[in-house]
Amino acid sequence: DGPSDRTVEILDILKAQNVKATFFIVGKEGAKNPETLKRITDEGHSVGIHTYSHVYSSIYESVESYLADFNQTYQIIYETTDVKPTIFRFPGGSINRYTSLFYEEIIAEMTRRGFTYYDWNASSGDASSSVTANSVYYNSIQSSEGKDRVILLMHDSISKSYTVAALPNIIE
């Protein structure tokens, strides 16, 4: 949901640990933090699109609304980093109460345009209101157990200090 000042902290940890990550960019945040957006790609991390506004009621109003919002973020990423992102993540996951009627149509159109979407298969639980660094750590480890390939959902928005605090132990 960034980039934000938390993203800078996360990038510092990833650099120290020699770990790469994928950041799904919210366009309005990328526009406010172009240096951080550029740093993400300069340090070899992947970027994907997570819409411009992240406002479910407007982006999921129709396929056309989603595509217009999506394109704003694509342009910001490309103009800032010279990287053409090819991956995206739906705010709220690909199937949620907002997308249930037309998520397949969005996926088909995005695939036709050369984009691939990713959902997570493990979660840090850091979007919860009652979370701590310990709960982020334990949720991450527990939800990753037994999986050959883990796509761990974590957030880098400004309020996620507990995600930053848990990250070194999760990487370890």
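Select Phe70 to begin, and show its neighbours: not counting residues up to four places away in sequence, Phe70 touches Ile49, Phe88, Met110 and Phe115, where contact means heavy atoms within 4.5 Å. The model on screen is predicted, so local features need pLDDT of at least 70 and side-chain atom pairs count only at pLDDT 80 or more, while totals for chains, interfaces and linings use all residues. Residues are numbered from 1 along each chain as its sequence is written, and side-chain values use heavy atoms, with hydrogens and water left out.

**Around Phe70**

Phe70 lies in helix 5; helices (H or I, at least four residues) and strands (E, at least two) are DSSP runs, numbered from the N terminus.

Next, select the aromatic rings, for which a search of the whole structure finds 12 pairs. Rings of Phe, Tyr and Trp (its six-membered ring) pair if their centres lie within 6.5 Å, and planes under 30 degrees apart count as stacked, over 60 as edge-to-face and the rest as tilted. One of these pairs joins Tyr66 and Phe70, which are tilted, with 6.1 Å from centre to centre and 35° between the planes. The two residues are 4 residues apart in helix 5 (residues 63–81), so about one helical turn separates Tyr66 from Phe70. Are Tyr66 and Phe70 buried or exposed? Tyr66 is buried, with a relative accessible area of 0%, and Phe70 counts as buried at 4% relative accessibility; buried means under 20% relative accessible area, exposed over 50%, and partly exposed in between (1.4 Å probe, protein chains only).

Now move to Phe88 and Phe90, whose ring centres are 5.2 Å apart and whose planes stand at 70°, so this pair is edge-to-face. Phe88 counts as buried at 1% relative accessibility, and Phe90 is buried as well, with a relative accessible area of 0%. To see how these rings belong together, select Tyr56, Tyr60, Tyr66, Phe70, Tyr74, Phe88, Phe90, Phe115 and Tyr117, which form one aromatic cluster.

**Charged side chains**

Turn to the salt bridges, of which the structure holds 7; a salt bridge is a side-chain nitrogen of Lys or Arg within 4 Å of a carboxyl oxygen of Asp or Glu. Select Lys32 and Glu29, which form a salt bridge with the closest N and O atoms 3.4 Å apart. Lys32 and Glu29 are 3 residues apart in helix 2 (residues 27–32), so they are separated by about one helical turn. Lys32 counts as exposed at 58% relative accessibility, whereas Glu29 is buried, with a relative accessible area of 17%.

In helix 6 (residues 103–112), Glu109 and Arg112 are 3 residues apart, and therefore separated by about one helical turn; their side chains meet in a salt bridge of 2.6 Å, N to O. Glu109 counts as buried at 19% relative accessibility, while Arg112 is exposed, with a relative accessible area of 61%.

Then select Glu43 and Arg39, which form a salt bridge whose closest N and O atoms are 2.6 Å apart, and which are both buried.

**The largest pocket**

Rolling a probe the size of a water molecule over the atoms shows where empty space is left. On a 1 Å grid over the protein atoms alone, a pocket is an open set of points where a 1.4 Å probe fits, with protein on both sides within 12 Å along at least five of seven lines, and lining residues have an atom within 4 Å of a point. About 780 Å³ of space lies in the largest pocket. Of the 30 residues that line the largest pocket, those closest to its centre are Ala21, Thr22, Phe23, Leu152 and Met154.

Colour helix 1 (5–17), strand 1 (22–25), strand 6 (152–153) and helix 8 (161–171), each of which supplies at least two residues of this lining. Which element gives the largest share of the lining? Helix 8 does, with 4 residues.

Finally, stay with helix 8 and select Tyr162, Thr163, Val164, Ala166, Leu167 and Ile170, which are buried. What covers the buried residues of helix 8 includes helix 1, helix 7 (133–144) and strand 6.

Definitions and conventions. Grid points are joined across faces, edges and corners, and a volume is the space filled by probe spheres set on the points.
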